[in-house]
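Please look over the sequence and the structure shown below before reading on. The briefing that follows takes up ring pairs, helices, surface and contacts in turn.

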Amino acid sequence: MQNKNNKMKLLVPLVSVFLGLLIGGIIMLVSGYKPIEAYVALFQGMVGGPYYIGETIRQMSPLILSGLAVAFAFRTGLFNIGVEGQLLVGWLAAVYVGVSIDAPAVIHIPLAILAAAVAGALWGAVPGILKARFKVHEVITTIMMNYIALYSTNEIIRNFLLAPGERTENVKESASLASPFLQSITEYSTLHYGIIVALIAAVIMWFLLWRTTMGYELRAVGFNQHASQYAGINVSKNIVLSMAISGAFAGIAGSMEGLGTYQYMTINAAFTGVGFDGIAVALLGANSAIGVVLGAALFGGLKIGALNMQSIAGVPTELVGVVIALIIFFVACSYIVHWLMNRVSKGGKI
């Protein structure tokens, strides 16, 4: 039975991706585009050469971390919809440390990433405290705090860190994750060392949840708060701790943008979308560390490949958004996928 459940956990995302691509192709065909040509261009834009591979991997870094933030909270029975806001405060904290401090790279980079983690953790802990102390649902508070983060970070940049171009200064070279070596072997893509940080974070999440007493308590509280309380586990403490750790992952995702991709922070007119994409990545990855990495690879590739699909096949990038939405739909409606697979396995008609 356990093997069957594990098999279904693997098959549901795979079948969901297939169905999303299939129905997306039908939509392209009805809209007057050539789906085969579009998907060939999409695939080439994902892994069709060193440059595209570099861009896909670069896109993965913040997606992995935002996906881990969502997945960690969900594994402990919470819904962190505030990853976008936690990412923004982490981004600002990392850039501030990167701009204002002089230190060797071996100290400066970890310090900037740690600052992002702490900022994200503090921002995430606030909904955790409200949930633990006053029973305020974390979905409401995290959504509200996204907007607080967006406008607060903008105001801080305007008043204290503004440089020409409606942004901060570039972080110092000692705090930068940029890698001339990685860029040179990927035909000068924007690939940086952030992917290493993201993969380490995935291992840390797995270790925390499945190899530590703290992780056992966090998961126990997620399964049943009343039983955990009866067993002597401090439920309130673990709720706050879970949201703080989730926020730390999100904050580090922001540091990938601030120290790696852009190396500064701009005044944002709207959300980046990376935090919200993390929800989809976690959902597709079944809230597991390895699943999140694979989900981020798919979503990162789709976003990079969409640009190539538009330039070569003339298909609007919005259609890739439709494909992503369809994949999420089928993962969320896993009952439909289960039913389809059961019908096929039994030789029945669909």
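Rings of Phe, Tyr and Trp (for Trp, its six-membered ring) are taken as a pair if their centres lie within 6.5 Å, and the pair counts as stacked when the planes are under 30 degrees apart, edge-to-face when they are over 60, and tilted for the rest. By that criterion, ring pairs link Trp91, Tyr262 and Tyr264 into a cluster. The model is a predicted one, in which local features need pLDDT of at least 70 and side-chain atom pairs count only at pLDDT 80 or more, while totals for chains, interfaces and linings use all residues. Residues are numbered from 1 along each chain as its sequence is written, and side-chain values use heavy atoms, with hydrogens and water left out.

**Aromatic pairs**

- The structure holds eight aromatic pairs, among them the edge-to-face pair of tyrosine 147 and phenylalanine 271, with 5.0 Å centre to centre and 70 degrees between the planes.
- This pair links distant parts of the chain, 124 residues apart, with tyrosine 147 in helix H6 (residues 138-161) and phenylalanine 271 in the loop between helix H11 (235-261) and helix H12 (274-284); helices here are DSSP runs (H or I, at least four residues), numbered from the N terminus.
- Tyrosine 147 is partly exposed, at a relative accessible area of 43%, and phenylalanine 271 is also partly exposed, at 22%, where buried means under 20% relative accessible area, exposed over 50% and partly exposed in between (1.4 Å probe, protein chains only).
- The rings of phenylalanine 329 and phenylalanine 330 have centres 5.3 Å apart and planes at 75 degrees, so this pair, too, is edge-to-face.
- Phenylalanine 329 is partly exposed, with a relative accessible area of 42%, whereas phenylalanine 330 is buried, with 8%.

**Helix H14**

- Helix H14 (residues 318-332) has 15 residues and reaches 21 Å from its first C-alpha to its last, close to the 21 Å expected at 1.5 Å a residue, the expected span being 1.5 Å times one less than the number of residues.
- The buried residues of H14 are Leu319, Val320, Val323, Ile324, Leu326, Ile327, Phe330 and Val331.
- Seen down the axis of H14, these buried residues fall within an arc of 155 degrees, so they line one face of the helix; the arc is that of the directions from the helix axis to the C-beta atoms.
- Glu318 and Ala332, on the other side of H14, are exposed.

- Helix H4 (residues 83-100) has 18 residues and spans 26 Å from its first C-alpha to its last, close to the 26 Å expected at 1.5 Å a residue, and it is mostly covered, with 16 of its 18 residues buried.
- Valine 99 is found in H4 and counts as buried at 17% relative accessibility.
- The C-alpha atoms of valine 99 and alanine 175 are separated by 8.2 Å, although the two residues are 76 residues apart along the chain.
- Serine 16, in helix H1 (residues 2-30), counts as buried at 0% relative accessibility.

**Surface**

- Val106, Ile107, Leu111, Leu114, Val118 and Leu122 form a nonpolar patch on the surface, with about 560 Å² of accessible area together.
- Accessible areas come from the Shrake-Rupley method with a 1.4 Å probe, and for residues only the protein chains shown count as cover.
- Leucine 114 is found in helix H5 (residues 105-134) and counts as partly exposed at 49% relative accessibility.

Conventions:
Patch = residues over 30% accessible without salt bridge, like charges linked within 9 Å, V, L, I, M, F, W, Y side chains within 5 Å. Salt bridge = Lys/Arg side-chain N within 4 Å of Asp/Glu carboxyl O. Helix = DSSP H or I, 4+ residues; strand = E, 2+ residues; numbered from the N terminus.
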